[in-house]
Amino acid sequence: MNSYAQMLAMLKRSPAMERFSHLYGHREGELARQLTRYSRLVKLHEDLYHAQTAPLYLVSAPGRTEIIGNHTDHNNGRVLAAAVNLDCLACVSPREDQLVHIHSEGYPVIELTLDDLTADPNEQGTSAALVRGVAAKMKEKGFKIGGFDAAVASDVLGGSGLSSSAAYEVMVCAILDALYNGFVVDSTTRARIAQYAENVYFGKPSGLMDQMASSTGGMVTIDFKDEPKVQPLTFGFHEAGYSLVVVNTGGSHDNLTHEYTAVRSEMQGVASFFDAEVLRQVRPEQLWQNMGALREKFGERAVLRAMHFFDENERVKQMVQAIRMNDLGAIFENVIGSGESSWMLLQNIYPVGGSQPLSLALAMAASMLRGKGAWRVHGGGFAGTTLNFVPNELVDEFVDRMEAVFGEHACFVLDVRPEGAAVVFTTNEQ
């Protein structure tokens, strides 16, 4: 039996259904959808690469939802995030040379060689840069790398605020790890490798939260004060009667790098006033004691963004405690507080002079969910998505109203995925 027939037979057995349930949840029709999706990807790999005898790997990395902790990670703050049951999935086989071929559905084909791992300014902003950056950092850290042929499908939509880039980077790292190292890289190292690729090769100054959530899986609180400290948390929103609904307002994060850069640089500018590199090294009272001088030197917006950092950092602590106490009221109070702070202090709901789809989505959610649930901006902001905690009995109505404004399939009703980057199936028996 060749590799493709072996993999397709593996997907149809009952253990595969258990694996799908673990990763993607039990929503009606989901197991059948994943079986179709995985089988289609295996057949696409066969059509593209004809690797009949090479071992096949199905490697997955999830998107993430930011529960709370908006724009705190890049200044060594605290966050609370969760992996979700949307993922970047690859059917991949190793090569005997250093060539990489990636066929991603809906995107240009990537062809490159890992013989040259130098960052190329002409590649900035491309998926090829992420692949080269991940490989470069893995090699620098002493891990083996090699070529591969991959067919990729992702339901973590680009520009959706669910961290498609982090899922892609983490998946590439998992591929190289699985094919050439026996899948031994720990989740924190994998996240740092992915972040390096995005910062240095792709050219986006992201924090580490997205990569950590995708790499680790489940719901986690992360404290970035020194080395990232990751603590798993458990809370069943669905069991409590609520669903996580992400609304894609249609705005893309593309071409907004300057907005994200400004948030980080303004916070760090305030920190520099105190001879610190990041705001986590500054005490909140120092901000208040020097607010006049800070305003004069950095402007009002930088001061407001620093205020948001300190408030949000404390709010994450309160949120973690509320989750551990199963205090749904306090959970929602902190989610709404985070959203209001992002809107008023952080000012990342819309770019200056830009359109305001996030504002409209948040106003609609507040009208429908006030006293019943919670709502906030999701992820980096300025465009993209909102996160809403919707009573299960109101989900259909909520989705219908949002999609009447923002278009069909604008809403994602999500579950928390308990596992991060994963080799889901492989025909390699070693």
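Biologist: How many disulfides does a search of the whole structure find?

Modeller: A disulfide is a pair of cysteine sulfur atoms within 2.5 Å. Here the search of the whole structure finds 0. Cys88 is in no disulfide, and its nearest cysteine sulfur, that of Cys91, is 13 Å away. Keep in mind that this is a predicted model: local features need pLDDT of at least 70, side-chain atom pairs count only at pLDDT 80 or more, and totals for chains, interfaces and linings use all residues. Residues are numbered from 1 along each chain as its sequence is written, and side-chain values use heavy atoms, with hydrogens and water left out.

Biologist: Is Cys88 buried or exposed?

Modeller: Buried means under 20% relative accessible area, exposed over 50%, partly exposed in between (1.4 Å probe, protein chains only). Cys88 has 2% relative accessibility, so it counts as buried. Cys411 is buried too, with a relative accessible area of 11%.

Biologist: How is a pair of aromatic rings described?

Modeller: By the distance of the centres and the angle of the planes. Rings of Phe, Tyr and Trp (its six-membered ring) pair if their centres lie within 6.5 Å; planes under 30 degrees apart count as stacked, over 60 as edge-to-face and the rest as tilted. The whole structure has 13 aromatic pairs. Take Phe237 and Phe389: their ring centres are 5.2 Å apart and their planes at 55 degrees, so this pair is tilted.

Biologist: Where in the chain are Phe237 and Phe389?

Modeller: Helices (H or I, at least four residues) and strands (E, at least two) are DSSP runs, numbered from the N terminus. Phe237 is in the loop between strand 7 and strand 8, and Phe389 is in strand 10 (residues 385-391).

Biologist: What sits over the ring of Tyr196?

Modeller: A charge sits over a ring if NZ of Lys or CZ of Arg is within 6 Å of the ring centre and within 35 degrees of the ring normal. At Tyr196, it is the charged end of Lys137, 4.4 Å from the ring centre.

Biologist: Which helix holds Val134?

Modeller: Helix 4 (residues 127-140). Val134 has 0% relative accessibility and counts as buried. Its C-alpha atom is separated by 8.7 Å from that of Gln195, 61 residues apart along the chain.
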